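We will go from stop to stop, with a word on what to select at each one.

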Amino acid sequence: MKYLFLIVAVIFVSCSHSYYIVRHAEKAAASANMMTSDVPLSEQGKARAEALKDVLKNKKIHYVFATNLIRTKSTVQPTADYFKLQTEIYGPTPDAAFISKLKSLHKNVLIVGHSNTVDDVVNMLCGKTEVNGDLKESEYDNLFVVKKKGKHYIFTNEHYGASTQ
């Protein structure tokens, strides 16, 4: 009986993994002579990226994704470095193919997006609306967690780093 319980526990745990979805950390203000909106993180944003790594360091992250902008790649970089992972780039708008790819990964994943896309990632993973619309321009501290347990997706909203509310 003890062995049966152990086998069931191992199978259950192996069917469980989490997606951690965040908006990029605070960005630096664009200067008047800057010809791009692809700006780096501010000092506060760099501190938040480190705080994200600290929150996730015990979560056994196996994959990290970011859009191809400096602020998203800089947000994910401390966590990617900690776990010795390469950041995989995804398109500016999450689509069914990207969500399908995420769902094919059976390990913990970090996804960094934007105020107008993290809700899409969360809602598409969950198969229902959990985050109602785009994040406010001042919101940076949400850590959306979608945990896959068996065939079910369980959503929670945590916070990390300095509060932005």
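Which are the buried residues of α2? They are G45, R48, A49, A51, L52, K53 and L56, where buried means under 20% relative accessible area, exposed means over 50%, and partly exposed is in between (1.4 Å probe, protein chains only). Before going further, please note that this is a predicted model, in which local features need pLDDT of at least 70, side-chain atom pairs count only at pLDDT 80 or more, and totals for chains, interfaces and linings use all residues. Residues are numbered from 1 along each chain as its sequence is written, and side-chain values use heavy atoms, with hydrogens and water left out.

**Stop 1: the whole chain**

Show the protein chain as a cartoon and you can trace 5 helices and 6 strands. Helices (H or I, at least four residues) and strands (E, at least two) are DSSP runs, numbered from the N terminus. Along the sequence they follow the pattern α-β-α-β-α-β-α-β-α-β-β. Of the 165 residues, 42% count as buried. Contact means heavy atoms within 4.5 Å; among the contacts with a separation of 6 or more, 63% come from residues 24 or more positions apart.

Now colour by pLDDT, the predictor's confidence in each residue, from 0 to 100. The chain averages 91, and 88% of the residues score at least 70. Select residues 4-13, where pLDDT stays under 50 and the model has 1 contact beyond four places in sequence.

**Stop 2: helix α2**

Select residues 43-56. This helix, α2, has 14 residues and reaches 20 Å from its first C-alpha to its last, close to the 20 Å expected at 1.5 Å a residue; the expected span is 1.5 Å times one less than the number of residues.

**Stop 3: the nonpolar cores**

In soluble globular proteins, nonpolar side chains tend to be buried together. A nonpolar core here is a set of buried Ala, Val, Leu, Ile, Met, Phe, Trp, Tyr and Cys residues joined through side-chain atoms within 4.5 Å. Select Y19, I21, F65, L102, I111 and L125: these have the most contacts inside the largest core, which has 19 residues. The elements giving two or more residues to this core are β1, α4 (96-104), β4, α5 and β5. Which element gives the most? That is α5, with 5 residues.

Centre on L102 next. Not counting residues up to four places away in sequence, L102 touches Y19, F65, V109, I111, V121 and L125. A second, separate core of 16 residues includes L56, L110, V112 and V145.

**Stop 4**

Select T67, in the loop between β2 (61-66) and α3 (70-83). Is T67 buried or exposed? T67 counts as buried because its relative accessibility is 2%. Its side chain makes a polar contact with the side chain of H114 (2.7 Å). A polar contact is a pair of N or O atoms within 3.5 Å; within protein, one must be able to donate a hydrogen and the other to accept it, and residues adjacent in sequence count only if both atoms are side-chain atoms. T67 and H114 are 47 residues apart along the chain, with their C-alpha atoms separated by 8.6 Å. Leaving aside neighbours within four places in sequence, T67 also has contacts that include T72, K73, I89 and Y90.

**Stop 5**

D141 sits in the loop between α5 (118-126) and β5 (142-149) and is buried, with a relative accessible area of 3%. Draw a C-alpha to C-alpha distance from D141 to H159: they are 5.2 Å apart in space and 18 residues apart in sequence.

Move to S16, in strand β1 (residues 16-23). S16 is buried at 19% relative accessible area. Beyond four places in sequence, S16 is in contact with K147, K148 and K149.

**Stop 6: two positive phi angles**

Finish with two lysines. K60, in the loop between α2 and β2, has a positive phi of about 50° although it is not a glycine. K84, in the loop between α3 and β3 (87-89), has a positive phi near 55°. K60 is exposed, with a relative accessible area of 62%, and K84 is exposed at 76%.
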